[in-house]
Number of protein chains: 2
Amino acid sequence: MGEEVKLFGFYLSPFSRRVELALKLKGVPFEYIEEDLANKSALLVQYNPVHKKIPVLLHGGRPVIESLIILEYIDETWDGNHAILPKDPFERALARFWVKFIDDKVLGALWMSFWSDGEMQKNFMEQLKEYLQLLENELKGKKFFGGDTIGIVDIAANFITLWAIVLQEVAEISLINEENHPILCNWIEEFLSSEVVKESLPEKEKLFAYFHANKEIIFATKAPAY
Amino acid sequence: MGEEVKLFGFYLSPFSRRVELALKLKGVPFEYIEEDLANKSALLVQYNPVHKKIPVLLHGGRPVIESLIILEYIDETWDGNHAILPKDPFERALARFWVKFIDDKVLGALWMSFWSDGEMQKNFMEQLKEYLQLLENELKGKKFFGGDTIGIVDIAANFITLWAIVLQEVAEISLINEENHPILCNWIEEFLSSEVVKESLPEKEKLFAYFHANKEIIFATKAPAY
């Protein structure tokens with residue numbers, strides 16, 4: 001597959017960072033194109049006319065859309081030395097289950113635990129507690145969700161390892177901590193100590209500055225810029 | 001793969017019907033177990049402790065959960081003579097894109113167009129119009145979303161072919177019709193004329209009776225029993 005690979009992303013987005021990490025794990029060279037989400041490029045709209053969102057992976061001129069779908073595409077297209085999904089169908093289904101759980105349940109509960117208040121916040125925090133416990137159990141006895149190496153669940157959970165930690169500092173709330181989530185915290189440390197992961201995450205200071213500067217507007221809209 | 005296959009489902013659920021259709025397309029023999037969703041079995045809770053929902057596919061004693069994940073599992077586990085996903089990675093990504101679009105966008109807009117009123121209903125109907133047009137375009141020149149045969153997008157869209165049509169009659173609203181969606185209507189006809197599909201759908205009269213009898217409670221909760 002000698003065809004050109006381009007990634008349309010946004011510096012602070014955990015979703016385009018997922019794709020970036022997967023490409024780097026596979027050793028696929030690519031050109032990164034930063035999108036201005038307040039003023040989306042004509043190319044982005046052309047390649048993703050339905051959602052007009054990043055990330056878009058362009059491979060040989062053809063667009064692949066939706067971060068999790070892109071991760072599967074990357075795994076199916078480039079063998080590399082790093083498997084993103086397990087080979088066994090049952091293990092694949094399990095990985096997909098946790099990925100969907102993270103996207104459908106954990107991300108929303110985490111986000112809203114930071115950006116709501118009162119009874120609503122209390123409810124989201126209770127949900128989140130339960131979800132984090134499930135992840136804690138799932139990680140028991142393993143280095144990564146993917147086993148000995150970073151897999152699709154780890155990549156999908158990148159939000160927890162940096163964005164959530166930064167939000168804890170911005171909001172001065174401790175939701176994920178050593179005391180309640182020793183296994184999850186150990187996983188975060190392992191994940192962040194990988195060189196490829198380090199190259200695929202935004203700088204912590206920039207993320208902090210973004211959330212801090214946009215506190216009010218994010219609280220009002222419940223949505224980040226990405 | 002001579003191991004026992006069981007499907008925990010609910011007669012009226014489009015989600016367990018997806019799995020049923022996929023198993024039948026593949027020619028996989030299975031035992032069907034109807035769940036009483038008001039009084040879930042201990043087995044269902046044991047096999048799907050996180051969501052406690054149908055469908056659950058049990059294969060050789062191991063549970064696979066979430067209808068779309070089960071469809072991919074079935075395709076990866078049993079070759080059969082019927083491919084549920086395309087073989088080419090780009091075509092697979094495209095199919096997954098439309099499946100996600102149907103689940104994340106179309107189903108919600110369809111459902112809420114029937115079960116809301118006033119300004120809210122108007123907004124959902126406008127969204128739906130746009131979504132149906134996208135599906136109409138995607139089907140252009142094809143018999144099924146999957147091409148000449150029923151694929152994962154067709155299976156995921158089973159809701160449109162029967163549940164939506166029944167809801168139109170219950171609510172006396174015409175959202176999908178020959179005039180505005182000739183291609184989609186032709187696809188519905190093709191889909192429903194397949195013998196395997198017919199065996200994998202609830203009886204129209206029973207579905208009508210369920211929605212009709214539960215009109216008020218569904219309107220209030222915005223959720224069906226399944």
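Cys185(B) counts as buried, at 14% relative accessibility, where buried means under 20% relative accessible area, exposed over 50%, and partly exposed in between (1.4 Å probe, protein chains only). Cys185(A) is likewise buried, at 14% relative accessibility. The count of disulfides over all chains is zero, a disulfide being a pair of cysteine sulfur atoms within 2.5 Å.

This is a predicted model, in which local features need pLDDT of at least 70 and side-chain atom pairs count only at pLDDT 80 or more, while totals for chains, interfaces and linings use all residues. Residues are numbered from 1 along each chain as its sequence is written, chains are lettered from A and ligands numbered from 1 in the order in which they are written, and side-chain values use heavy atoms, with hydrogens and water left out.

**Salt bridges**

Over all chains, 26 salt bridges are counted; a salt bridge is a side-chain nitrogen of Lys or Arg within 4 Å of a carboxyl oxygen of Asp or Glu. Three of these pairs are set out below.

| Pair | Closest N to O distance |
|---|---|
| Glu72(B) and Arg96(A) | 3.3 Å |
| Arg18(B) and Asp103(B) | 2.6 Å |

Glu72(B) and Arg96(A) form a salt bridge. This pair crosses between chains, from helix H3 (residues 67-77) of chain B, which holds Glu72(B), to helix H4 (residues 89-115) of chain A, which holds Arg96(A). Helices (H or I, at least four residues) and strands (E, at least two) are DSSP runs, numbered from the N terminus. Glu72(B) is buried at 8% relative accessibility, and Arg96(A) is buried with a relative accessible area of 7%.

Within chain B, Glu20(B) and Arg17(B) both belong to helix H1 (residues 14-26), three residues apart, about one turn of the helix. Both Glu20(B) and Arg17(B) are buried. Arg18(B) is buried, at 1% relative accessibility, while Asp103(B) is partly exposed, with a relative accessible area of 23%. Salt bridges that share partners also join residues of both chains into one network: Glu72(A), Glu76(A), Arg92(A), Arg96(A), Glu72(B), Glu76(B), Arg92(B) and Arg96(B).

**Backbone features**

In chain A, a cis peptide bond joins Ile54(A) and Pro55(A), with omega about -5°. Pro55(A) is placed in the loop between helix H2 (42-47) and strand S3 (56-59) of chain A. In chain B, a cis peptide bond joins Ile54(B) and Pro55(B), again with omega about -5°. Pro55(B) is located in the loop between helix H2 (42-47) and strand S3 (56-59) of chain B.

Lys52(B) lies in the loop between H2 and S3 of chain B. The phi of Lys52(B) is near 55°, a positive value in a residue other than glycine, and Lys52(B) is partly exposed at 36% relative accessibility. Glu172(A) has a phi near 55°, also positive in a residue other than glycine. Glu172(A) occupies the loop between helix H8 (163-171) and helix H9 (182-192) of chain A and is exposed, with a relative accessible area of 74%.

**Asn186(B)**

In chain B, Asn186(B) is part of helix H9 (residues 182-193). Asn186(B) is partly exposed, with a relative accessible area of 39%. The C-alpha atoms of Asn186(B) and Thr221(B) are separated by 33 Å, the two residues being 35 residues apart along the chain.
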